[in-house]
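Hi,

Here is the structure I promised to pass on.

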Amino acid sequence: MTLVLSRRGLFLSTAALAALQFLPRSASAQSGGRITVAADSEPAQLNPAIAASNGVFYISSKVIEPLAEASYDEAGLRPLLATGWEGAEDGLSITFKLREGVTWHDGTPFTSADVAFSALQVWKPLQNIGRTLFANLTAVETPDAHTAVFRFSAPTPLQLIAKALPVVSSVLPKHIYDGSEIAENPANRALIGTGPFVWGDYKPGEYYLLKRNPAYWQPDLPLAEELVFRVLPDRAAAAGSLEAGEVQLAAFSSVPLVELDRIGKVPGLTVITKGYEALTYQLVVEINHRNAHLANLKVRQAIAHAIDRQFVLDTIFLGYAAKATGPVPANDPTFYTPDVTTYAFDPEKAKALLDEAGFPADASGKRFALRLLPAPYFNETRQFGDYLRQALAAVGIDATIVANDSAAHQKAVYTDHDFDLAVAPPVFRADPAISTTNLVRSGIPAGVNFSNQGGYVNPELDSLIDTALTTLDPAARVALYHRFQQLVTADLPLINVVDWSFTSVASDKLGNIANNPRWAVSNWADLTLGT
Amino acid sequence: MTPALRRILGRLIGSIPVLLIVVIGVFLLLNSAGGDAVDAYLASIGGGDAGLAAKLRAEHGLDQSIWRRLIFTLGRLAQGDLGWSVALNRPIAAVIAERLPNTLWLMGSATALSFLAGSALGILAGRRPGSAVDRLLSGGSLLLYSIPGFWLGLVLSVIFAVQLRWLPVSGIETIASGKTGMDRALDIAWHLVLPVSTLGMIYLALFLRVMRSGMAEAWSQDYILAARARGLSESRIVLNHAARNALLPLITLLGLQAASMLGGSVVVESVFGVPGFGRLAQEAVAGRDTPLLLGVILVSAVLVILTNLLVDLAYGVIDPRVGRGGT
Amino acid sequence: MAGLLKRPEALAGGAVLLALALIALAAPLLSPGDPLAIAGKPLILPLTDAAHPLGTDRLGRDLLAGLIHGARTSMTVGLLVAVVALSAGMIVGTVAGLAGGWTEAVLMRLVEAFQIVPGFLLALALVSVAGPSLAGVVLAIALGAWTGPARLARSRVLALRESEFVAAARVLGLHPAEIAFRQIMPLALPPVLSLTAIIVAGAILTEAALSFLGLGNPNVVTWGGMIAEGRNQLRSAAWLSIIPGLALVITVVSTYLVGEALTDSLTERRPR
């Protein structure tokens, strides 16, 4: 504890010096004052290099930066700590050029040693996504202070790594973490990064306070003086706090969808759907193929035909979603293809398919019973569970909902396989190889969530996934993933229903919002509060 | 050592077996749940591979058998060490020290409000059972008691915080205001008005009903008839005789209510974003954080035991018929 | 029962409860089919569509059907909890109060153990662990509700044990069991029974609160679940939570009125 305090003390003095140095400039820049935003959860630990998840990024991305951030322009990426990246012909190495003149919040210069340390000591061994993505990373060479060369043991497509950068590449300060138990380092709770905001304070159950970094590497930024993340676990509280002017922003749909219509009409508040394009969530029906009924393709097709996607879109998502055709969302600019098998809403066809499959309806109209486990993480996943139970009843499948909390759901579905159907909200992360192919790939050990735990095995699909993982040519990769979508929709290892993004409700006073496709989890250096 | 003090100490030592039952019960309950702390954590970050899960389980000792963990936990608690919270990644003693004051403020104020106002209104209602005042108060409290607490809280919040903007929507104090001393106390009080009213009103109705029903019953008792026969003034009969006797079940209730209010505060704290004990316990259950839940429950258990001690003492003072044998 | 007839409000409460009980029993006839079925357009306003007199919720489920079937589950939960909690509490409290000594010490330790764990937290943990089945919810709520009756029964028994007429009965040489069940129980019973209303009300409300925290049973309709679902639309479609809320309030009020009248009539009949 004392260590942290003294370090903060040290930092404050350097910050004060830096503030003096920048005084003329920051005085002329438009000051944003204090901006308060709603946060609906408190992550167990905040280190984005260890836990690559949106709940963590929402707060930590303002302090700790990745090598690159997603952007709306052609390239899809905006350089942050890396200024450029290049893959070798053989796909066995990627060279990153790093930004010069960047300092950590304690004044130490940022160098390639930090990137090498983060990649080898944190992303690869500790991070939930990096452990798979960087499995083939063998070494990171640092020929100079601003160059890092990643060496892989197998060909690794630059396209894949580049698309993953915003999610997996949060850089930690080596001099703080080196030689310590990384997961226990006090800096995981009082973050030290290179970002536009420095760690201020955290009162559990109340708020996180971040303060302006006067020595930020981008001149004149950030614009806001302070960022406060107000912890508001109840969703009604977020809407109330916005209306009362206590918070200026509620992101990640923390205002319930049903309230958006009303709150959008409140003077001074706007509903925003932009800024989540690279954070698309997929509403998926997970299927346990160990169940004899569900192992039958005709049954899976029947279920796909029993679901009215338009109803789900209009009624559960109130239009804030898009119908899914397959495992890649239509808003993905690179990999999506509409050329797949589709399943129109057709209960009669569903019944016919179930008859054909050899499961006729009994006197009461029932064919067989299933257990349905909707993921408890979102209102929408639970509501879709309620709907799916009804939709299945309409074609003679008697589904019983098993309601679990997060931990129990995690265990029942992903470890014990104690389910028949489950509703899951996996995230599509810009490249199917990051977290989408896992949903159908066989051979994944038990205990991994948002992965194929339904016992589905399709050697053709497996080999396609493996080939794509080491295919270097971007066009060839895209073609492989088109084929991937076709195979998945034809054989239905799972059923994609809709793809949805979140909404924000923001005060009209906020400026520069929703200006990149991962905006809610980006660094907010240019966020302002007008008057 | 005075007899009262000795009795308090005796009771505290006597409550050790009770605490042991509680600890073991809660430990087994939470550990028989589907999913453990690592499952909860992985669900919260959206996943990780099997190796990560195994690594985390080993780090938190969750790969040990349940009995080894129970013995370890009991040993740790016996040394006065509450342990480390898995869900919050902080020492539990520090977490509790932070949240306890919020809870004490919320519950203390709500108890005071509901007990004082409830018993006063209950006396008023029970003075003449069946009168217009009685009907109004009984009816009103009945209605109040029948409204779900979270709904009452949401409605109060919409009216007074969102529409009228008289009071803050949520939180325990203004964020990073730098206020100290009296200013800070007032700020906290300001934030507590709505949660205390919500929680207090439910229990006010309860106290009112019990007080009134005790009073109504008292009127047919022999000692009231005797007091009447002695020609005592009506107000003296009401306060010294009827109310005094009707207070007994009310005081019993006060002891019970300490624990029940803590449970009731889960919902109120959730509606008003108050970082208190109730919410902490909820987070502990959701995160399968056994040490944290044990810590919360042990501390609240000690609070409840102390409250009940006071209740027993008060009981002895008010009802002379209950002597030492009462414990 | 005579006491019931003397009070108009108790009579009204009784009539409401009777009607509710009939509705609950006849629910499958009054509103055939699954009350959770999507029956029409979402968010139809009440009193605007003859097919859905009370309107529909955001998924298009009929509110009236939910209300009718909800009466069944909510009343079942309330009654079962009361039966379980009162019988457990009465037995433990009376035995402890009369037996004294070790029996009392052990029983009261058990009561204390349950008492110092907030009942709602216990229910929350239990339902999280065991899942929200009807039996699970009843047990979870009853575990937090039986200590009140137990303590009250014991404190009444203790107070009565010392009273003159019990002493007189002892002097007369009555058998202890006779003293217990003929002299003490009738006097100890009314205040404990007066808790019935509180327990039934509390059980229905606790079920609602569990639903509010997302721990309701999604396979059945309960009023609590309906209120909890509707509360997100408190500002835009208030009827979704107000209608089941009113049903809940009316039921609780009626229960209370009847419980009170019963208590009074029991009190009047007691021996002097």
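Which residues of α8(B) meet which residues of α9(B)? From α8(B) they are B:G149, B:L152, B:G153, B:L156, B:S157, B:F160 and B:A161, and their partners in α9(B) are B:L194, B:S197, B:T198, B:M201 and B:I202. By class that contact has seven nonpolar, five polar and no charged residues (nonpolar: Ala, Val, Leu, Ile, Met, Phe, Trp, Tyr, Cys and Pro; charged: Asp, Glu, Lys and Arg; polar: the others, Gly among them). "Contact" is C-beta atoms, placed from the backbone, within 7 Å.

The axes of α8(B) and α9(B) (residues 181-218) come within 10 Å and cross at roughly 140 degrees, and the crossing is right-handed. Axes are lines fitted to C-alpha atoms over the stretch in contact, with angles from 0 to 180 degrees between N-to-C directions; right-handed means the near helix is turned clockwise from the far one by less than a right angle.

Keep in mind that this is a predicted model: local features need pLDDT of at least 70 and side-chain atom pairs pLDDT 80 or more, while totals for chains, interfaces and linings use all residues. Residues are numbered from 1 along each chain as its sequence is written, with chains lettered from A and ligands numbered from 1 in the order written.

Now the chain contact: 45 residues come from chain B and 46 residues from chain A. On the chain B side, α3(B) gives the largest share, seven residues (helices are DSSP runs of H or I, at least four residues, and strands of E, at least two, numbered from the N terminus). That side divides into 24 nonpolar, 13 polar and eight charged residues.

Cheers

Terms used: Two residues are in contact if their C-beta atoms, placed from the backbone, lie within 7 Å.
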